[in-house]
Structure formats: C-alpha cells, structure tokens
Amino acid sequence: MSYQQYGISPQLVERIKLKMKNRALKERVKQQIEGVTKADLQNKAKVRQLVKSTSTILNERLTAAQEEQLTAFVLAQKIDPSNTFHLIKLWGMFR
C-alpha cells in the first residue's frame, strides 16, 4: 500500500479505520474537514493542523514523526476534495 511507503504503520491505519466506524467520531471528523479546499490540502501547516486535530478527535496519540509522515502522505496525494475520482482513489487505499 502506498501509505506504507511513507512509514505509516498498517496497525495505525487499522486502529483509525476501526475508530471511524463509530458514527459519532465519523461525524466529528466530517465536520472538521467540511469546507477544506485543494489549496488547504497542499498547505503543509494547514495539513499538519488537520492531522493534529483529527488525531485528538480519534484519541490517537501521534509522535512528531507520525504527524510528519501523515502530513507528507497527504501532501503527496495532491487531493482535490471536489474531484470524485480523487476521493474514490483514497477510499480504495483504505478500505
């Protein structure tokens, strides 16, 4: 999987996927990323802030290295939240 190339552990991904099945947590994360633009997802500071706040919502304690790995991964994906193909590609990575 491509996230492993960034040093992100499969165990972390599995824990987060499990937590995202909780409807309340999923809604809180959705509210947090509502209105995020492509420019926001290419801004390192903004992405780092989103990673930190999402990890807080999910009660995941991330090390500085893990935060950096997740930030680098998001930036490298060049995600456009208004492009359905990009969203399907991301969904496929983590299902």
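I looked up the charged contacts and found six salt bridges in the structure. I counted a salt bridge when a side-chain nitrogen of Lys or Arg lies within 4 Å of a carboxyl oxygen of Asp or Glu. The model is predicted, so I note that local features need pLDDT of at least 70, that side-chain atom pairs count only at pLDDT 80 or more, and that totals for chains, interfaces and linings use all residues. Residues are numbered from 1 along each chain as its sequence is written, and side-chain values use heavy atoms, with hydrogens and water left out.

**Entry: Lys17 and Glu14**

I looked at the bridge between Lys17 and Glu14, where the closest N and O atoms are 3.2 Å apart. Both residues sit in helix α1, three residues apart, which means about one helical turn separates them. I take helices (H or I, at least four residues) and strands (E, at least two) as DSSP runs numbered from the N terminus. For accessibility I use relative accessible area: buried is under 20%, exposed is over 50%, and partly exposed is in between (1.4 Å probe, protein chains only). Lys17 is partly exposed at 23%, and Glu14 is partly exposed at 44%.

**Entry: Glu60 and its partners**

I then checked Arg15, which forms a salt bridge with Glu60 at 3.0 Å between the closest N and O atoms. Arg15 is in helix α1 and Glu60 is in the loop between α3 (44–57) and α4, so this pair ties together parts 45 residues apart in sequence. Arg15 is partly exposed at 39%, whereas Glu60 is buried at 10%.

Glu60 also meets Lys19 in a salt bridge, 2.8 Å from N to O. Lys19 lies in helix α1 and Glu60 in the loop between α3 and α4, so the pair ties together parts that are 41 residues apart in sequence. I list Lys19 as partly exposed, at 24% relative accessibility. Through shared partners, salt bridges join Arg15, Lys19 and Glu60 into one network.

**Entry: aromatic rings**

I searched for ring pairs and found one aromatic pair. The ring centres of Tyr6 and Phe73 are 5.5 Å apart and the planes stand at 75°, so I recorded the pair as edge-to-face. Tyr6 is in the segment before α1 (10–19) and Phe73 is in helix α4 (residues 64–77), so the pair ties together parts that are 67 residues apart in sequence. The criterion is that rings of Phe, Tyr and Trp (its six-membered ring) pair if their centres lie within 6.5 Å, with planes under 30 degrees apart stacked, over 60 edge-to-face and the rest tilted. Tyr6 is partly exposed at 30% relative accessibility, while Phe73 is buried at 5%.
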